[in-house]
Amino acid sequence: MKDIANYLHGQSDRDYIMFLTGTNTGLRISDILQRRVSEVKGRKSMIIREQKTGKRREVKFTRLLRKELSIYCQDKNPDDYLFKSRQGHNRPISRSMAYKILQKAADEFHIDSIGTHTLRKTFGYHFYLKTKNVVMLQKIFNHSHPAITLRYIGIEQEEINREMDDFHIY
């Protein structure tokens, strides 16, 4: 993760902040790309309405994300999109462009099967490892059941694989 973050930071501040926002908030890429500078500049959290669910949600920023957003937003217009496209006037980058950015970083480190949803799942995986609080993560993700959340972040499969390593019949 740190290598990808450093790589993206070397490529573009915008791409680095997009990566940090995804891995530090657990938001879907569709919700990340619609954010404007005024929603994050100088704030500890933001209120959004999730595009997929239509639910209103407060998103608290981690210390790292707050610090990096503060630096990134310093000279930006409050009405600008946070992840502004270089094409057109004040438009956000597209979902496909976000995918290309992440794919290029993944290729650099020979990582397979990465996508925009990887940011959200990465947040969930690390949040769970740190807190072991699947119910809280379920609420963050707006999942209907803890089992769905564990499967979503790959914990079930990881536990199965670990148990199979030690399993034998005779």
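Where is S113 found? S113 sits in the loop between α6 and α7, and point 7 comes back to that loop.

1. Ground rules. This is a predicted model, where local features need pLDDT of at least 70, side-chain atom pairs count only at pLDDT 80 or more, and totals for chains, interfaces and linings use all residues. Residues are numbered from 1 along each chain as its sequence is written, and side-chain values use heavy atoms, with hydrogens and water left out.

2. Overall layout. The protein has 10 helices and 2 strands, in the order α-α-α-α-β-β-α-α-α-α-α-α along the sequence. Helices here are DSSP runs of H or I with at least four residues, strands are runs of E with at least two, and numbering goes from the N terminus. The C-alpha trace spans about 65 × 35 × 25 Å along its principal axes. Of the 170 residues, 44% count as buried (buried is under 20% relative accessible area, exposed is over 50%, partly exposed is in between, with a 1.4 Å probe and protein chains only). Among contacts (heavy atoms within 4.5 Å) with a separation of 6 or more, 51% come from residues 24 or more positions apart.

3. Helix α1, residues 2–11. I4, A5, Y7 and L8 are the buried ones to look at here. They cover an arc of only 165° around the axis, so they sit on the same side of α1 (the arc is that of the directions from the helix axis to the C-beta atoms).

4. α1 against α6. These two pack at an angle of about 120°, with their axes 10 Å apart; axes are lines fitted to C-alpha atoms, for helices over the stretch in contact, and angles run from 0 to 180 degrees between N-to-C directions. The pair is therefore oblique (under 35 degrees is roughly parallel, over 145 roughly antiparallel, 65 to 115 roughly perpendicular, and the rest oblique). From α1, I4, Y7, L8 and Q11 meet I101, L102, K104, A105 and E108 of α6. Those contact residues divide into 6 nonpolar, 1 polar and 2 charged.

5. α2 and its partners. With α6, the axes come within 11 Å and cross at roughly 95°, so α2 and α6 are roughly perpendicular to each other. R14, D15, M18 and F19 of α2 make that contact with A98, I101 and L102 of α6, a set with 5 nonpolar, no polar and 2 charged residues. Helix α2 (residues 13–25) also packs with helix α7 (residues 117–131), at about 40° and with axes 6 Å apart, and that pair is therefore oblique. Here M18, F19, G22, T23, N24 and T25 of α2 touch L119, R120, T122 and F123 of α7. The residues of this contact come out as 4 nonpolar, 5 polar and 1 charged.

6. Helix α5, residues 63–73. Which residues of α5 are buried? L65, E68, L69, Y72 and C73 are.

7. S113 has a positive phi of about 45°, and S113 is not a glycine either. Most residues other than glycine have a negative phi. Both are exposed: H110 at 71% relative accessibility and S113 with a relative accessible area of 72%. Y99 lies in helix α6 and counts as partly exposed at 39% relative accessibility. Not counting residues up to four places away in sequence, Y99 touches I114, G115 and T116. The C-alpha atoms of Y99 and G115 are separated by 5.7 Å, at 16 residues apart along the chain.

Methods: Nonpolar A, V, L, I, M, F, W, Y, C, P; charged D, E, K, R; others polar.
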